[in-house]
Amino acid sequence: MIEQNTSHSDMNILFLYWGKKGGGAKYSLEIAKELSLRDDTNLHLSISRQCEIRDQFEALLAPAFYVETYEGIVGFLKTYFIRKYAIQKELEDYLKKHKIDVIIIGMDFFWGPIINKAAHNTGAKTVLVIHEPKPHPKESLPMKVFKNRNLKKSIPGADHVVALTEHVRSYIEKTYEVMPEKTSVIPHGIFSYYKTDKLRTLKEGGKTFKILYFGRIDYYKGLDILLDAFFELEKNRNDLQLQIWGSGDIKPYQDQIQKIKNIRLENRWVDEQEITEVFKECDLCVLPYREASQSGVAGIAAHSGMPIVACPSDGLKEQLRNYGAVLSEDFTSESLKESLEKVIENPVLYSQLSQQALEYGNQLSWKSIADEFYKISSKINSGLK
């Protein structure tokens with residue numbers, strides 16, 4: 001733990017992220033990094049010791065409260081049911097000692113109720129960021145019950161709730177009966193893995209056109225829709241390759257995968273160092289999601305100038321409104337195939353979409369996002385509505 005003398009004329013903000021890995025960790029790091037640069041903020045951190053990019057949080061040199069969360073499901077259950085209230089007490093002690101005014105919770109967690117309770121007991125306010133306001137389709141029943149239980153406690157118990165899209169904000173207000181003045185929308189920022197100002201053009205001269213599915217494999221993300229669409233595309237073209245990069249259960253898709261001639265399957269966790277090359281090498285990003293509040297993958301594609309084809313889930317439609325994207329008419333493989341053909345076979349459209357993607361990628365800076373979080377924190381800390 002790093003100690004620091006702080007003046008309470010500035011606001012003491014604790015940025016909390018108790019997850020292990022994934023986009024939530026990177027999202028939290030980017031905002032915390034910008035908050036740490038503000039002259040009017042004393043930034044503190046509360047991070048899981050198991051976080052895969054903990055060293056990057058530590059590099060911010062902010063006072064910090066590190067928490068032992070879990071390594072796997074068994075460890076999580078032990079921590080949650082045995083040490084949960086001990087962790088709450090430790091957090092309370094930290095909040096009191098450092099006179100924390102506001103806790104920004106970077107991602108909705110199972111720990112939400114104890115974080116809210118610790119804040120309430122010490123007079124701190126909470127800002128909760130909701131990435132997914134409900135369980136995903138086909139999650140196990142125990143997981144759905146567990147998630148719903150915690151969301152029902154965490155969301156109404158927060159002093160302010162931040163959604164990444166208007167679609168999610170509306171769902172939160174209706175489902176959890178949260179007043180509109182207690183909610184805000186702050187769009188997801190852009191991860192700079194592969195940033196370029198170079199316009200993309202369709203490859204010529206027999207070069208293979210590479211279609212990318214990137215991210216965790218879950219039913220709601222619609223990989224089966226994409227596999228069927230690509231299988232039909234391949235019947236009339238031999239210059240296409242489908243690349244799938246992401247961890248998750250691939251077994252339900254094996255029969256579809258075996259029918260495809262040109263496919264690269266990397267069914268594993270993708271290290272950050274690899275992401276740049278993946279997006280640099282591929283030509284088109286596909287988000288065949290049945291359901292989504294937003295997608296961090298879209299941001300990575302934007303900075304790389306990569307066009308997107310997506311299914312029309314409400315959150316994605318909102319997020320991609322000003323992006324270089326083509327949305328399918330519905331969630332069928334036939335409709336997705338038609339949208340893919342529309343982009344692949346039209347060099348002018350492809351370049352237009354690439355230009356729009358680059359412009360979109362320059363709009364969402366992490367500094368402006370951190371500024372919005374500061375404004376919300378300042379407002380609830382002063383008691384304003």
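Colleague: Is Leu349 buried or exposed?

Modeller: Keeping in mind that this is a predicted model, Leu349 counts as buried, because its relative accessible area is 16% and the cut-off for buried is under 20%.

Colleague: Where is Leu349, and what is Leu349 in contact with once its neighbours within four places in sequence are left aside?

Modeller: Leu349 belongs to helix α13, which covers residues 347-361, and with those sequence neighbours left aside its contacts are Lys342 and Val343. As for Ala229, which is 120 residues away along the chain, its C-alpha atom is separated from that of Leu349 by 20 Å.

Colleague: Let's zoom out. How many helices and strands are there in the protein chain?

Modeller: The protein chain has 14 helices and 13 strands. Its radius of gyration is 22 Å, close to the 21 Å that the globule rule gives for 385 residues, so the chain is as compact as a globular protein of that length. Taken along the principal axes, the box filled by the C-alpha atoms is roughly 65 × 40 × 40 Å.

Colleague: What about burial and the surface?

Modeller: Of the 385 residues, 54% count as buried, and the chain exposes about 17,300 Å², with carbon and sulfur atoms supplying 49% of that area. Among contacts with a separation of 6 or more, 69% are between residues 24 or more positions apart.

Colleague: How many salt bridges does the count come to?

Modeller: The count comes to 24 salt bridges. One of them is between Lys26 and Glu30, with an N to O distance of 3.8 Å, and both of these residues lie in helix α1 (residues 23-35), 4 residues apart, or about one turn of the helix. Lys26 is buried, at 12% relative accessible area, and Glu30 is buried too, at 11%.

Colleague: What is the N to O distance for Arg54 and Glu58?

Modeller: For the salt bridge between Arg54 and Glu58 the distance is 2.8 Å, N to O. These two residues lie in helix α2 (residues 54-58), with 4 residues, about one turn of the helix, between their positions. Arg54 counts as partly exposed at 24% relative accessibility, and Glu58 is partly exposed at 30%.

Colleague: Which pair links distant parts of the chain?

Modeller: Arg290 and Asp224, whose side chains meet in a salt bridge at 2.6 Å, N to O. The two residues are 66 residues apart, with Arg290 in the loop between β11 (284-287) and α10 (296-303), and Asp224 in helix α7 (residues 223-234). Arg290 is partly exposed, with a relative accessible area of 25%, whereas Asp224 counts as buried at 17%. There is also a network in which salt bridges that share partners join Arg38, Asp40, Lys367 and Asp371.

Colleague: Changing topic to backbone angles: what is phi of Lys99 and of Glu177?

Modeller: Lys99 has a positive phi of about 50 degrees although it is not a glycine, and Glu177, also not a glycine, has a positive phi near 55 degrees. Lys99 is in the loop between α3 (73-97) and β4 (102-105) and counts as exposed at 56% relative accessibility. Glu177 is in the loop between α6 (166-175) and β7 (183-185) and is exposed, with a relative accessible area of 72%.

Colleague: Last one: where is Asn116, and is Asn116 buried or exposed?

Modeller: Asn116 is in helix α4 (residues 112-122) and counts as buried, at 10% relative accessibility. With neighbours within four places in sequence set aside, the contacts of Asn116 are Ile105, Thr126, Lys153, Ser154, Gly157 and Ala158.

Notes:
Residues numbered from 1 in each chain as written. Predicted model: local features only at pLDDT ≥ 70, side-chain atom pairs only at ≥ 80, totals over all residues. Heavy atoms only, no water. Rg over C-alpha atoms; globule rule 2.2 N^0.38 Å. Buried < 20%, exposed > 50% of the residue type's maximum accessible area, 1.4 Å probe, protein only. Contact = heavy atoms within 4.5 Å. Areas by Shrake-Rupley, 256 points an atom, 1.4 Å probe, with all protein chains shown as cover. Salt bridge = Lys/Arg side-chain N within 4 Å of Asp/Glu carboxyl O.
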